[in-house]
Amino acid sequence: MPACPKCHSSYVYEDGALLVCPECAHEWSATEGAEDNSSDPIIKDANGNALADGDTVTVIKDLKVKGSSLVVKVGTKVKNIRLVDGDHDIDCKIDGIGAMKLKSGFVKKI
């Protein structure tokens, strides 16, 4: 079986004429596999560099944490980011603050 074109999982199974990924619930026909991968948006940092899961980035602007008095300072290093869909397109954990979502426009790739 081919890997999932969306999340690259190897746990794909066949359901009638479709292939199904149990991890991300993506369904596709066996003939469409390679075409679907090209439609994924490329997420870029503030300098225009493409970001990928697992990258390390730094914050380029002081960011106030909503609902708290905490601030993420300029130069804060964020390791092992995960890219997601939505307005805030980076999921990460920041030391001393915890799990957060960031916009890619406020970070730069190291």
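**Around D91**

I began with the contacts of D91 and, setting aside residues up to four places away in sequence, I found that D91 touches I81, R82, V84, M100 and K101. I keep in mind that this is a predicted model.

I then placed D91 in strand β9, and I looked up its relative accessibility, which is 16%, so D91 counts as buried, the cut-off being under 20%. I also checked D91 against D53, and the two are 38 residues apart in sequence, with their C-alpha atoms 9.6 Å apart in space.

**The sheet**

Next I traced the pairing, and I noted an open sheet of three strands in the order β8-β9-β10, paired antiparallel. Its edge strands are β8 (82-83) and β10 (98-102), each of which pairs on one side only. Between β8 and β9 (residues 90-94), which run antiparallel, I recorded two bridges, and in β9 the bridge partner of R82 is D91.

**The cores**

I turned to the largest nonpolar core, which has 15 residues, and noted that V78, C92 and L102 touch the most other members. The elements that give two or more residues to this core are β4 (57-59), β9 and β10, and β9 gives the most, with three residues.

For C92 I listed the contacts beyond its neighbours within four places in sequence, and they are V78, I81, G98, A99, M100 and L102. Finally I wrote down a second, separate core of five residues, among them V12, L19, C21 and W28.

Terms used. Residues numbered from 1 in each chain as written. Predicted model: local features only at pLDDT ≥ 70, side-chain atom pairs only at ≥ 80, totals over all residues. Heavy atoms only, no water. Pairing = 2+ DSSP bridges. Helix = DSSP H or I, 4+ residues; strand = E, 2+ residues; numbered from the N terminus. Buried < 20%, exposed > 50% of the residue type's maximum accessible area, 1.4 Å probe, protein only. Contact = heavy atoms within 4.5 Å. Core = buried A, V, L, I, M, F, W, Y, C linked by side-chain atoms within 4.5 Å.
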